[in-house]
Amino acid sequence: MKALILVPAGLAALLLAAPVHAVTATEQLADYTRAAGAPADPTRGQQLFTRRHGHEWSCSSCHTTNPTAQGQHASTGKQIAPLAPAANPRRFTDAAKTEKWFRRNCKDVVGRECTAGEKADVLAWLLTFAH
Amino acid sequence: MPSPRYVMQAVRGGLLLSLLTLARADDLGPRGPILPKYEQECAACHIPYAPGLLPAASWQRLMGSLEHHFGTDASLDAASVQEIGQWLNQHAGTYKRVHEPPPENRITRSAWFLRKHRADEVPPELWRHPAVRSAANCAACHTHAAQGRFNERDIRLPR
């Protein structure tokens, strides 16, 4: 009887222990594209990333215009690991983390949260960099 | 009149005590390991500033205003704010020179920080060095800053 109770409990623990949001960058691009209801455009993504939007910083102020290169935080000077999955396989493997950074950084750069379409564009551009 | 031997022992004891106090004064790290959540969330943008560098009141204000965190949005989910805030509060600076919250809750505006980094100690051009850029970038010169250790021995100025 005890074993019967313990098995589901063990399974539940395993499920809880597994990273809940583990995904790939390609899967996240598909999710954002689906939410946007339109195809992503890497060129538009590059423009969003490298241009300023009436505020002090662009995305590239910290991440540089080359997402396979190491960046540097514009105010603290801390090194930032490359953003393109080709150069840094740990990028875009946790949907909650991706959402957290898009939310905060878009507010800093664009002055509001980015739309699903804008996130899809940026991710599509970051995925154009080859391994 | 005490014998010279006792006097020497007392002097040695006093020296040892002040050395211990000095060592403590330069080691502002938490008693125990850094909270993994603090490292993960806060050290993504800057070194994990040792909790002892600010008094609890400053940490509390910082954790209550993460959406406007020195010009950036550093907001976090409520559970993380709670966990990190509690840990900072527990390990915050309590001794004399860290007792008063500095202006804007900036470590770099604390009286002790300004005194230690006066122009005769740190030449103004050093702050503009590409490897430094910001006074917030402690680790540019203090090689063990991420561990909360600011011993003079560990200072390496960038060339």
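Read along the sequence, chain A runs α-α-α-α-β-β-α-α. That amounts to 6 helices and 2 strands. The model is predicted. Of the 131 residues in chain A, 30% are buried. Among contacts in chain A with a separation of 6 or more, 61% link residues 24 or more positions apart.

Chain B follows the pattern α-α-α-α-α-α. It has 6 helices and 0 strands. Buried residues account for 24% of its 159 residues. Of the contacts in chain B between residues at least 6 apart in sequence, 64% join residues at least 24 apart.

**Helix packing**

Two packed helices are described by the angle between their axes and the distance between the axes. One pair from each chain is set out here.

| Helix pair | Residues | Angle | Axis distance |
|---|---|---|---|
| H3(A) and H6(A) | 42–50 and 116–126 | about 100 degrees | 7 Å |
| H3(B) and H4(B) | 56–63 and 78–91 | about 170 degrees | 9 Å |

Take the chain A pair. How are H3(A) and H6(A) oriented to each other? Their angle is about 100 degrees, and angles of 65 to 115 degrees count as roughly perpendicular. H3(A) and H6(A) are therefore roughly perpendicular. From H3(A), the contact draws on Pro42(A), Arg44(A), Gly45(A), Gln46(A), Leu48(A) and Phe49(A). H6(A) supplies Glu118(A), Asp121(A), Val122(A), Ala124(A) and Trp125(A). By class, the residues of this contact are 6 nonpolar, 2 polar and 3 charged.

Now the chain B pair. H3(B) and H4(B) pack at about 170 degrees, and an angle over 145 degrees counts as roughly antiparallel. That makes H3(B) roughly antiparallel to H4(B). Which residues of H3(B) meet H4(B)? They are Ala56(B), Trp59(B), Gln60(B) and Met63(B). On the H4(B) side stand Val81(B), Ile84(B), Gly85(B), Leu88(B) and Asn89(B). The contact of H3(B) with H4(B) has 6 nonpolar residues, 3 polar residues and no charged ones.

**Between the chains**

How many residues does each chain bring to the contact? Chain B gives 14 residues and chain A gives 8 residues. The side of chain B that touches chain A holds 6 nonpolar, 6 polar and 2 charged residues.

Definitions and conventions
Residues are numbered from 1 along each chain as its sequence is written. Chains are lettered from A and ligands numbered from 1 in the order in which they are written. This is a predicted model: local features need pLDDT of at least 70, side-chain atom pairs count only at pLDDT 80 or more; totals for chains, interfaces and linings use all residues. Two residues are in contact if their C-beta atoms, placed from the backbone, lie within 7 Å. Ala, Val, Leu, Ile, Met, Phe, Trp, Tyr, Cys and Pro count as nonpolar, Asp, Glu, Lys and Arg as charged, and the others, Gly among them, as polar. Axes are lines fitted to C-alpha atoms, for helices over the stretch in contact, and angles run from 0 to 180 degrees between N-to-C directions. Helices (H or I, at least four residues) and strands (E, at least two) are DSSP runs, numbered from the N terminus. Angles under 35 degrees count as roughly parallel, over 145 as roughly antiparallel, 65 to 115 as roughly perpendicular and the rest as oblique. A residue is buried if 20 or more other C-beta atoms lie within 10 Å of its own, exposed if 12 or fewer, and partly exposed in between; C-beta atoms are placed from the backbone.
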